[in-house]
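Biologist: I have a new model open and have not looked at it before. Can you walk me through it?

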Amino acid sequence: SSINSEPAAPPPAATPDPPSLDDTTEDDTAELSSGVCSVEINVQCIPPVGFEDCDSLVSPRTKCLERPSALTYRYSGKDCSNSNNMLPTALFPCVDFEPSLLGDEDSQAYVVVTDDSAIVYHADFLLPGDEFTIERPTQDEALPDLFTMTVYSSDDMATVLQTFQVDVACPTDDEYPLFLNSRFGSMQLIAYTNDAQGVVNSLVAATLVYTALGETAILDKLTSITNAIDQFDEGFLDLSNDVNGMTLLEESNDDEIAVVELTVDLSSSDPYTIYTIVQASSRDGYSCRDTHSLQFAPFAADKNRSTRGLESSKPSLSILESLANYMHLE
């Protein structure tokens, strides 16, 4: 074997090893081999036509114009003082027998709805936030003018918590109109159906638009946690398959990377929160990430509130833990 007689070159200066990534192809561009990785994520709520932004979403004051064929109520567990409707006391007698037992979000109640002939239209356990629908018995029959709704502590119906009557005839005159989202004791009318108006509810479609900007970043994962748990998988929204491999080359570009439809319920003023983490990497192994928190509330007077980064947003600990576990960032 031959021996190299030339002096050995000095060793290169020590540099920290970047995190390991999968092998890359030989045609990677120079821009992607700069040793720099930066990414910034932004999530914006785009309201439906007719609204300025998602904080200005307000349910229209819709009056029932014809006798309904179906009525949908949401149980709140609140007492009679929660009522907000156009009926006088004589047409809306509401009595709380055990108000102290109402309102516990973890306590179910047994709710029975009957007409004047004692025909039962609903009888089941409900938790606060649960919904139920009353429908006419057959296509040829109509719903009655008057319902009696009784809230019991259990299905043995021994202890009455609340009872009231409500007129749902939807008269054509304006003396006692029935409006969408009217509240009757522990019940709120959140939808109705009739021949004149069709299905009337407080659901509107907003759009979540995800945009990102960065320098020499290849997107890897994009996930959101939201309190709209009924629309997504327990509130978890994984968009990683949609964005994986997307390349961001210039910080000046704000590229749209994902679009998601979000159904907003205007019958409630509870805020919607969407907390997002994006993870990216450069071709030579440097990783970067960013977080974003979006919150908006129907009926709220202020504008969209959006903050960036863990230090400036305060989602619940469970949200942070869920995202951290999935993104392997703990």
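Biologist: Let's start with the cysteines. Which residue does a disulfide join to Cys-80?
Modeller: Cys-94. This is a predicted model, and in it the two sulfur atoms are 2.0 Å apart. The torsion about the S-S bond is -80 degrees, a left-handed link.

Biologist: Where do Cys-80 and Cys-94 lie?
Modeller: Cys-80 is in the loop between β2 and β3, and Cys-94 is in strand β3. The pair therefore ties together parts 14 residues apart in sequence. Both Cys-80 and Cys-94 are buried.

Biologist: How many disulfides does the count come to?
Modeller: The count is 4 disulfides. Among them is the one between Cys-64 and Cys-170, with 2.1 Å from S to S.

Biologist: Is the disulfide of Cys-64 and Cys-170 left-handed or right-handed, and why?
Modeller: Right-handed, because the torsion about its S-S bond is about 100 degrees. That pair links distant parts of the chain, 106 residues apart. Cys-64 sits in the loop between β1 and β2, while Cys-170 sits in the loop between β8 and β9. Both Cys-64 and Cys-170 are buried.

Biologist: What about Cys-45, which residue does it form a disulfide with?
Modeller: With Cys-54, and their sulfur atoms are 2.0 Å apart. The link of Cys-45 and Cys-54 is left-handed, at -75 degrees about the S-S bond. Cys-45 has a relative accessible area of 3% and is buried; Cys-54 is buried too, at 0%.

Biologist: And what is the pairing if you number the bonded cysteines in sequence order?
Modeller: It reads 1-8, 2-3, 4-7, 5-6.

Biologist: Changing topic. How many helices and strands are there in the chain?
Modeller: There are 2 helices and 19 strands. The protein chain has 330 residues, and buried ones make up 42% of them. Taking contacts with a separation of 6 or more, 70% are between residues 24 or more positions apart.

Biologist: Now the inside. How many residues does the largest nonpolar core have?
Modeller: It has 34 residues. Leu-208, Tyr-210, Leu-222, Ile-257, Leu-262 and Val-264 have the most contacts inside it. The elements giving two or more residues to this core are β1, β12, β13, β16, β17 and β18. A second, separate core has 32 residues, including Tyr-73, Tyr-75, Leu-143 and Leu-161.

Biologist: Back to Leu-222. Which residues is it in contact with, leaving aside neighbours within four places in sequence?
Modeller: Among them are Ile-41, Tyr-210, Leu-237, Ile-257 and Val-278.

Biologist: Which side chain does the side chain of Thr-276 make a polar contact with?
Modeller: That of Ser-224, at 2.6 Å. Beyond four places in sequence, Thr-276 also touches residues including Ile-41, Val-43, Asp-290 and His-292.

Biologist: What about aromatics, how many pairs does the count come to?
Modeller: The count is 6 aromatic pairs. One of them is Tyr-272 with Phe-296, which is stacked, with 5.4 Å between the centres and 5 degrees between the planes. Tyr-272 is in strand β17 and Phe-296 in strand β18, 24 residues apart. Both Tyr-272 and Phe-296 are buried. Phe-92, Phe-164 and Phe-184 form one aromatic cluster.

Biologist: Last topic, the backbone. What is phi of Ala-118 near?
Modeller: It is near 65 degrees, a positive value in a residue other than glycine. Most residues other than glycine have a negative phi. Ala-118 is in the loop between β4 and β5, and it is exposed, at 57% relative accessible area.

Biologist: And Asn-181, where is it found?
Modeller: In the loop between β8 and β9. Asn-181 has a positive phi of about 75 degrees and is not a glycine. Asn-181 counts as buried, at 14% relative accessibility.

Key:
Residues numbered from 1 in each chain as written. Predicted model: local features only at pLDDT ≥ 70, side-chain atom pairs only at ≥ 80, totals over all residues. Heavy atoms only, no water. Core = buried A, V, L, I, M, F, W, Y, C linked by side-chain atoms within 4.5 Å. Buried < 20%, exposed > 50% of the residue type's maximum accessible area, 1.4 Å probe, protein only. Helix = DSSP H or I, 4+ residues; strand = E, 2+ residues; numbered from the N terminus. Contact = heavy atoms within 4.5 Å. Phe/Tyr/Trp six-rings, centres within 6.5 Å; stacked < 30°, edge-to-face > 60°. Disulfide = S-S within 2.5 Å. Polar contact = N/O pair within 3.5 Å; in protein donor to acceptor, adjacent residues only side chain to side chain.
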